[in-house]
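Subject: Structure handover

Hello,

My notes follow below it.

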Amino acid sequence: MIVVLLGPPGTGKGTQAKLIEERFSLAHISTGDMLRAEVASGSDLGEKVKGYLDAGELVPDDLIVEMIAERIENPDAKKGFILDGFPRTVPQAEMLDKMLENRGLAVDVVLNLIVSEDKIVSRLSNRLYCPSCGRCYNLSTTPPKREGICDGCGTRLVRRSDDSEEVVRHRLQVAAERTAPVIKYYRNQGKLVDIDGEGSIEEVFSSIISVLERVKGKEGRG
Ligand code: AMP
């Protein structure tokens, strides 16, 4: 099963992707996490993309597509995968379709998480992030058990440099201009399912489970 998770920053894509990864045994592919790891390692790619990430701008399509093409060749992706944060532009979506078609594959379903802008800004200003495993916490609704420490791997949590209110507003504007057309692209393909992302983590996940169980059932019947 190949699942795309769409939704502006702060709609819970990363959190839901981790739950889907566990429940459906799919590989979680987050372009944001991959890019942050490149920046942290000081690689050539990291140097190239750092400025885009700090400013909340999109990294050029060709760099991202090359990164994804390599990533889906990894053996763990053979069992199927969830794309989190990709595609973010129509050219990326078109290139993904071609890339999959060449491998005899296709996107099965696109989940579009919907959350109001006020809620997004409040979620992101309360967000802490684990730079090691990528897990996110919300200081008011889902704080870590030990202050400032990741429950999963014990790493010290940080605030993402692009979670300041100014950069968040800009990221939302970029999402509205560049990523909204991707929603239309998948709606036209009949693959888009809107998910109300305002509820609790469990409520949103339960809506996602029913959609994915249906998709899996259809796949099983061929
Ligand atoms: P995220 O963690 O998904 O919010 O992504 C953080 C940042 O990484 C974005 O603001 C972009 O600078 C960059 N990024 C992540 N995914 C993509 C993508 N598919 N296309 C272009 N830039 C991306």
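**Salt bridges**

A search of the whole structure finds 14 salt bridges, each being a side-chain nitrogen of Lys or Arg within 4 Å of a carboxyl oxygen of Asp or Glu. Before the details, two points on the source. This is a predicted model, where local features need pLDDT of at least 70 and side-chain atom pairs count only at pLDDT 80 or more, while totals for chains, interfaces and linings use all residues. Residues are numbered from 1 along each chain as its sequence is written, and side-chain values use heavy atoms, with hydrogens and water left out.

One of the bridges joins Glu213 and Arg23, at 3.7 Å from N to O. This pair links distant parts of the chain: Glu213 sits in helix H8, Arg23 in helix H1 (residues 13-24), and 190 residues separate them. Helices are DSSP runs (H or I, at least four residues), as are strands (E, at least two), numbered from the N terminus. Glu213 has 35% relative accessibility, so it counts as partly exposed. Arg23 is partly exposed as well, with a relative accessible area of 46%. The cut-offs are under 20% relative accessible area for buried, over 50% for exposed, and partly exposed in between (1.4 Å probe, protein chains only).

Lys50 and Asp54 form another bridge, with the closest N and O atoms 2.8 Å apart. Both residues lie in helix H3, four residues apart, about one turn of the helix. Lys50 is partly exposed at 39% relative accessible area. Asp54 is partly exposed at 32%.

Arg160 and Asp162 also pair up, their closest N and O atoms being 3.0 Å apart. Both Arg160 and Asp162 are buried. They belong to a network of salt bridges that also takes in Arg127, Asp163 and Arg171.

Asp61 lies in helix H4 (residues 61-71). Leaving aside residues up to four places away in sequence, Asp61 touches Thr89, Pro91, Gln92 and Met95. Contact means heavy atoms within 4.5 Å. The buried residues of H4 include Leu63, Ile64, Val65, Met67, Ile68 and Arg71. The buried residues of H4 pack against strands E2 (27-30) and E3 (81-84), and against helices H2 (31-41), H3 (44-55) and H5 (90-102).

**Helix H8**

Ile209 is in helix H8 (residues 201-220). Ile209 counts as buried because its relative accessibility is 14%. Ile209 touches Arg23 and Phe24, not counting residues up to four places away in sequence.

**The whole chain**

The protein chain has eight helices and seven strands. A compact globule of 222 residues would have a radius of gyration near 17 Å, and the chain has 17 Å, which agrees. That radius is taken over C-alpha atoms, and the globule rule is 2.2 Å times the number of residues to the power 0.38. The C-alpha trace spans about 50 × 40 × 35 Å along its principal axes. Of the 222 residues, 45% count as buried. Among contacts between residues at least 6 apart in sequence, 72% join residues at least 24 apart.

Best regards
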